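Dear colleague,

Please find the structure below, followed by my notes on what was found in it.

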Amino acid sequence: MRFLLCGHGTSEILWSIHAALVDLGHDSVLALPDISQDIIDRPIDALFVLNLFQIPRETIEMLLGYVASFGKRPTVIHICLNHPVEEIGAQTVEVVKEADQWMDRQSVFMWCMCPAAAQQANRMGLSRVFHEPLGVHRWIYTARSADGTSDLYKRWMSLNDTGLARHPYAAMRGEADTAEGEALVRDRFLYLGQGWPDHIPTGPEITDQAISAAAATVAGVMMERPELNRIQAMDQCGLAEQSADPGWSLRFNRAFTIAFSVENRRRFSTAIRVAFKETFMLRGNGWERLGVDADPMSTALRNAYGTAAACLDFGSLAFDTAVFPRTLEIIKRNGLLVGWRHTDSARLFGPYEQDLAFIDESDAVRILARLAGDPDQREKLRKAHLSWAFDSLALTGILPRIIARMRP
């Protein structure tokens, strides 16, 4: 089959999907940063798209119609980076229904990496939302140009290409000063990410006290029982009916992000900073609003994940899953991942969950203290977990299930 990968956002996701498709024997192209006509002047079976719903529908329909003129109409797989209802901006059941009908007409599916978010979207009437975990791939492909340079984008690639070159994902470092990053993070515990999210404003004019109270109640239940996802906790709190209302859910999700996701970041980062002081490096925006000191983000540090004593994760802002872009990026860049144990952490950590996933602040300090004093154990765990994760979350195993959905 022939696949076109496009959109904008976390393009590293598409790098991995592209390479996995090639390894599965398909033709694939990364049409980034935009789509040129020479790329689409041929039959194409399907598109994988980031942030599809930020593109006007008329533009999408025109593109799909043009591709269809070379053969059959392609299937579109939209990769959800947020809750599916937030992706389509639906405030009412009627808008959800209309969007679902449009996706059906245009052969659009929404791939949601979070099982709870997919379940809630289905409950609201988005029939074309499905869950599969976002996976990993060890490699990235480039193609050799006539002048001897390598192309990552806008070149159709397949295993039959004589100029195809395969690179370890972690070798794709861009122009960042990797040596500087490695020197900064070596033997330190590293967290890169937002504190208070930029997209969520505050103020009494946007606060619904009833929804904020409901969010705080659900957050409390999930902190006490990390094995529960958001939908399970909401149902236990008697919010099943409200959770099927798109407008209510959009407001609830915003309040829940603050009550749960942001609070987790505050409590874990504070406890680890107290315990490990300068051994803990925190980088990202929005931490000052939580009363936590943090320096700006740095691409060089992302490229140095494999050098850190451990790379920390405190959970996603958008989803109730341990398997999301940041944790997978740490794995693909060969870092030792230590994260918060919640609803599906077993999928991410497997047999190493007890060693690398913490339940609360004291557990985080305990696990990190054990790792801090034993570099040999850190290296042993890093290699063992990476080997397990690259096998259990392999995109070459996940993508065939997604491709099967495209066939009549």
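Which residue lies over the face of Phe109? That residue is Arg128, at 4.0 Å from the ring centre, where a charge sits over a ring if NZ of Lys or CZ of Arg is within 6 Å of the ring centre and within 35 degrees of the ring normal. Arg2 lies over the face of Trp156 in turn, at 5.6 Å from the ring centre.

Please keep in mind that this is a predicted model, in which local features need pLDDT of at least 70 and side-chain atom pairs count only at pLDDT 80 or more, while totals for chains, interfaces and linings use all residues. Residues are numbered from 1 along each chain as its sequence is written, and side-chain values use heavy atoms, with hydrogens and water left out.

Turning to the rings, the structure holds 17 aromatic pairs (rings of Phe, Tyr and Trp, the last by its six-membered ring, with centres within 6.5 Å; planes under 30 degrees apart count as stacked, over 60 as edge-to-face and the rest as tilted). Tyr66 and Phe70 form an edge-to-face pair, because their planes are at 65 degrees, with ring centres 5.4 Å apart. Tyr191 and Phe314 are stacked, since their planes are at 10 degrees, with centres 4.4 Å apart. Both Tyr191 and Phe314 are buried (under 20% relative accessible area; exposed is over 50%, partly exposed in between, with a 1.4 Å probe and protein chains only), and both belong to one aromatic cluster that includes Trp248 and Trp340.

As for cysteines, there are zero disulfides (pairs of cysteine sulfur atoms within 2.5 Å); for Cys237, the nearest cysteine sulfur, that of Cys114, is 17 Å away.

Best wishes
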